[in-house]
Amino acid sequence: MLTNAKLVHSPHDHRRCINAALARANDLCAAENHRLTPTRESVLRLLWQSHRPMGAYQLQDQLAKISGKSIAPPTIYRAIEFLLKVGLIHRIASLNAYIGCPFPTSDHSNLFMICNQCGSAAEVALNSINGLLESACEKANFTLQDQSLELFGLCPNCSSEQEQDFAEDGKQDHE
Ligand SMILES: [Zn+2]
Ligand SMILES: [Zn+2]
Ligand SMILES: [Zn+2]
């Protein structure tokens with residue numbers, strides 16, 4: 001199983017995530033003869049600003065702030081399309097937002113655990129899930145072309161906060 005769930009949901013030096021993501025992007029583009037243009041790199045960097053998915057409008061807004069000039073939507077969409085195509089980012093369909101991929105050159109399940117409270121999204125790749133889905137599709141004579149699994153719930157941080165809140169509410173009830 002490949003996942004960045006532990007890292008995403010614990011306090012960590014996030015600069016290392018950003019640096020590692022950019023290093024991976026440079027390696028991947030060099031190996032596959034792609035150009036990581038300044039715009040593509042800026043969009044990738046913005047998507048790695050945190051572990052929360054970001055929509056195209058937000059990207060456009062933030063890129064305009066960084067560059068100090070207005071950015072045309074097609075510029076953003078072209079960069080997003082490229083990053084999606086080479087596997088450096090994913091689209092979270094239900095949020096209509098994008099997130100950086102922590103293991104772009106590995107086998108994928110496209111499974112995301114998204115926190116309803118803080119909005120963080122962790123990615124999981126699990127061969128057993130892929131096998132299950134493949135056999136289900138086979139049995140249904142369904143040709144699988146793309147898969148995306150989006151799980152919504154509470155990350156460890158937010159669920160422990162809720163437990164504390166419940167505990168405190170409980171105490172007040174007894175007072
Ligand atoms: Zn991080
Ligand atoms: Zn991924
Ligand atoms: Zn959370």
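Helices (H or I, at least four residues) and strands (E, at least two) are DSSP runs, numbered from the N terminus. The model described here is a predicted one.

- Asn 4 belongs to the loop that runs between strand E1 (2-3) and helix H1 (5-8).
- The relative accessibility of Asn 4 is 10%, and this residue therefore counts as buried, the limit being under 20%.
- When neighbours within four places in sequence are set aside, the residues in contact with Asn 4 are His 51, Pro 102, Phe 103, Ala 122 and Glu 123.

- His 90 is part of strand E2 (residues 89-92), while Cys 101 sits in the loop between strand E3 (97-100) and strand E4 (111-115), so the pair ties together parts that are 11 residues apart in sequence.
- His 90 counts as buried because its relative accessibility is 10%.
- Cys 101 is likewise buried, its relative accessible area being 2%.

**The zinc ion (ligand 3)**

- Four cysteines supply the protein donors of the zinc ion (ligand 3): Cys 115 (SG), Cys 118 (SG), Cys 155 (SG) and Cys 158 (SG), which lie 2.3 to 2.4 Å from the ion.
- The arrangement of the 4 donor atoms is tetrahedral because they subtend angles of 104 to 115 degrees around the ion, and the rule requires all angles to lie between 85 and 135 degrees.
- The sequence spacing of the donor residues is C-x2-C-x36-C-x2-C.
- Cys 115 has a relative accessible area of 5% and is therefore buried.
- Cys 118, by contrast, counts as partly exposed, with 25% relative accessibility.

**Salt bridges**

- Side chains of opposite charge can pair when their charged atoms come close.
- The count of salt bridges in this model comes to 3.
- Asp 13 and Arg 15 form a salt bridge through their side chains, with an N to O distance of 3.2 Å.
- In this pair, Asp 13 is partly exposed at 37% relative accessible area, and Arg 15 is exposed at 60%.
- Glu 41 and Arg 45 are joined by a salt bridge of 3.3 Å, N to O.
- Both Glu 41 and Arg 45 lie in helix H3 (residues 38-47), where they are 4 residues apart, about one turn of the helix.
- Glu 41 is partly exposed at 25% relative accessibility, and Arg 45 is partly exposed with a relative accessible area of 40%.
- Asp 61 and Lys 65 meet through their side chains in a salt bridge of 3.8 Å, N to O.
- Helix H4 (residues 56-67) holds both Asp 61 and Lys 65, which are 4 residues apart, about one turn of the helix.
- Asp 61 is partly exposed, with a relative accessible area of 45%, whereas Lys 65 is exposed at 66%.

Terms used. Residues are numbered from 1 along each chain as its sequence is written. Chains are lettered from A and ligands numbered from 1 in the order in which they are written. This is a predicted model: local features need pLDDT of at least 70, side-chain atom pairs count only at pLDDT 80 or more; totals for chains, interfaces and linings use all residues. Side-chain values use heavy atoms; hydrogens and water are left out. Donors are N, O and S atoms within 2.8 Å of the metal (3.2 Å for Na, K and Ca); water is not among the atoms, so sites may look incomplete. Four donors count as tetrahedral if all angles lie between 85 and 135 degrees; four count as square planar and six as octahedral if opposite donors are over 155 degrees apart and all others between 65 and 115; anything else is irregular. Buried means under 20% relative accessible area, exposed over 50%, partly exposed in between (1.4 Å probe, protein chains only). Contact means heavy atoms within 4.5 Å. A salt bridge is a side-chain nitrogen of Lys or Arg within 4 Å of a carboxyl oxygen of Asp or Glu.
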